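Subject: Structure handover

Hello,

Here is the structure I promised you. Please open it and keep it beside this email as you read.

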Amino acid sequence: MAEIGMDLNRFILEEERKHPQATGSLSIALTAIETATKIIASHVRQAGLVDILGKTGKVNVQGEEVQKLDELANEIMIEHLSDSGEFFALSSEEMEEPIFPEKGKNGKYIISFDPLDGSSNIDVNVSIGTIFSIHKKVKATVEDFFQEGYKQVAAGYVIYGSSTMLVYSTGNGVNGFTLDPSVGTFLLSHPNMKIPEKGKIYSINEANAKKWIDKGLVDFIESLKEKGYTTRYIGSMVADVHRTLIKGGIFAYPADKKNPNGKLRLLYEASPMAFLINQAGGMATTGKEDILKVKPENIHQRVPVFLGSKTEIQELLTYIS
Ligand code: P6P
């Protein structure tokens, strides 16, 4: 087992060594994500000081007001992922269509990412994050983005919180790295992360309860209250999922009358988070099927999300499926 304090680059290389057939492409790909997110972190930390808060007056494909930091994060991710040469195609929450970088034309991978999730929290100084999901290039067309989540090669997030943490998996468990800002290096702080079998926290926006489509969900939440659960809801998926991974319990963004397929996007929010939660020993469902088995049909497809400890998810399914 890698020892606490090991730096991310050494960890990536040691993981690569475990796969004799590895060519180093995934290591380079992950290193590009590391560099991009360290740069994003530096901008996020300065956001309050530099006039990059506030709106650009533009809206993204989701019809949401784009904050300047969102755009900057997207540009930084595109630059570094493209320069790595390892990605044949990139898709982002901030871009209507995927892009196919010239340098990546021989790349083995494709990547979907949310460059700065939780952006509505930027100007109130609440944790936000970058989420990424990597699949293998198969057909070398946009169809490659429509692979199920269980086929992910790697997935992870960076949370820009009280500290900056990178949490990711390549299918052999989940490991968390904390950025040491004094040297600009991610150091292994949470080796082999496992979600508790059961928690004491539920995380859902109860303001939407009257609009929830899943009958039985209200009763399920009431049953948790009866058992003494507490509620925590930040409204920033990366922060809510990170807490759920560490503390256990359940996070949910269900379908409601306003969002009949839920609000969260499959490719670059639900699927990578489901991959991590499964790798950590938890479960992730749309309420009808395992999120990792959903066959994507479009880049910005939304799905209902229920993820967390096995105990709560299995109990939830007795109420809503
Ligand atoms: P609501 C942030 O805008 C986001 O996409 C996720 O990060 C978060 O989980 C969700 O929306 C919060 O949505 O409707 O509860 O504010």
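Start with a definition: two strands pair if DSSP finds at least two bridges between them. Strands (E, at least two residues) and helices (H or I, at least four) are DSSP runs, numbered from the N terminus.

This is a predicted model, in which local features need pLDDT of at least 70, side-chain atom pairs count only at pLDDT 80 or more, and totals for chains, interfaces and linings use all residues. Residues are numbered from 1 along each chain as its sequence is written, and side-chain values use heavy atoms, with hydrogens and water left out.

The sheet

Five strands make an open sheet in the order β11-β10-β12-β14-β13, with mixed pairing. Its edge strands are β11 (230-231) and β13 (283-285), each pairing on one side only. β13 runs antiparallel to β14 (residues 305-308), and three bridges join them. Which residue of β14 is the bridge partner of Ala284? That partner is Leu307.

The two domains

An automatic or database assignment sets the domain bounds. Domain 1 covers 8-190 and domain 2 covers 201-316. Their centres, taken over C-alpha atoms, are 22 Å apart. In contact (heavy atoms within 4.5 Å) are 44 residues of domain 1 and 30 residues of domain 2.

The size of an interface is often given as the accessible area lost when the parts come together. Buried area is that loss for two parts, taken with a 1.4 Å probe and summed over both. Here the domains bury about 2,800 Å² between them, 63% of it on carbon and sulfur atoms. In domain 1, Ile131, Phe146 and Tyr157 lose the most area to domain 2, together 22% of what that side buries.

Salt bridges

A salt bridge needs a side-chain nitrogen of Lys or Arg within 4 Å of a carboxyl oxygen of Asp or Glu. The structure holds twelve. How many salt bridges cross the interface of domain 1 and domain 2? The rule finds one there. Elsewhere in the list, Glu93 forms a salt bridge with Arg265, with the closest N and O atoms 2.2 Å apart. Glu34 forms one with Lys38, where the closest N and O atoms are 3.4 Å apart. Glu34 and Lys38 are about one helical turn apart, because they lie four residues apart in helix α2 (residues 25-46).

Best wishes
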